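Subject: Structure handover

Hello,

Here is the structure for your files. My notes on it follow below.

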Amino acid sequence: MTNQTILEPLPEDQWFIESQELRSFVATVREISVRTADDRSQTLARLEPFFQELLAQQEWLPEQFAQVNPESRMGGGIGQWLLYRAKDRSLSIFSLVIPPGSTTPVHDHLAWGLIGLYRGNQKETVYRRVDNGSLAGHAQLQITEVRSLQPGDIYSLLPPDGDIHAVTTTSQSASVSIHLLGNDTGCVWRHQFIPEVDSVKSFRSGYSNAPCKEEEEKENAQIR
Ligand SMILES: [Fe+2]
């Protein structure tokens, strides 16, 4: 269960919204993430003030990227809207929209990242894995932290630290969080856990508005 997906490069960087704020943030992310490639804790620390600034601005995210998605593959009407991804699949930025009362599955991300709450309120339950992963389909998790999040709150992922969590919207309206991840999170095979029965399975969330190249190829192969 530890194999990392290798994703094929895309023809070019993909932008799903037109926003000067996002463009300049991505330029900063690229610069800092290259400069600090050998120490991702530095990447996260240096990027945080810029991410804070992006979250403080409420105009740049188009309304359609703050909508729930009844067709969600994650379930619960959760929208996962891709805003940007790098052609080498080493960076992605997306919004995650969780309807009131909905909860994500317990999942991991398998990459460094910063996540910030943009609208609404959330409860985040953070887990750590305590078994050694040697038994297929089996995973034992322990809760390490439960946090209440307000708009502007940021948390970081530095696997294995903070990498496994579940998020619930606690506000009356949908919560919107912005995710900056060091992979093409929607397209990699990662893990979904059911802590109540100590189980784990492979999971690919996809995006609400963009296919994974690998998916298209698989579908084409099936048609042939
Ligand atoms: Fe997550």
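The side chains of Asp-184 and Arg-89 form a salt bridge with 2.7 Å from N to O (a salt bridge being a side-chain nitrogen of Lys or Arg within 4 Å of a carboxyl oxygen of Asp or Glu). Asp-184 sits in the loop between strand S10 (175-181) and strand S11 (190-194), and Arg-89 in the loop between S2 and strand S3 (92-98), so the pair links parts 95 residues apart in sequence. Both residues, Asp-184 and Arg-89, are buried (under 20% relative accessible area, with exposed over 50% and partly exposed in between, for a 1.4 Å probe and protein chains only).

This is a predicted model, in which local features need pLDDT of at least 70 and side-chain atom pairs pLDDT 80 or more, while totals for chains, interfaces and linings use all residues. Numbering starts from 1 along each chain as its sequence is written, and side-chain values use heavy atoms, without hydrogens and water.

The whole structure holds 9 salt bridges. Another of them pairs Arg-129 with Asp-131, their closest N and O atoms 2.8 Å apart. Arg-129 is partly exposed at 26% relative accessible area, whereas Asp-131 is buried at 16%. Through shared partners, salt bridges also join Arg-85, Arg-89 and Asp-184 into one network.

Arg-119 and Glu-63 also meet through their side chains in a salt bridge, at 3.4 Å from N to O. Glu-63 is partly exposed, with 47% relative accessibility.

Regards

Notes: Helices (H or I, at least four residues) and strands (E, at least two) are DSSP runs, numbered from the N terminus.
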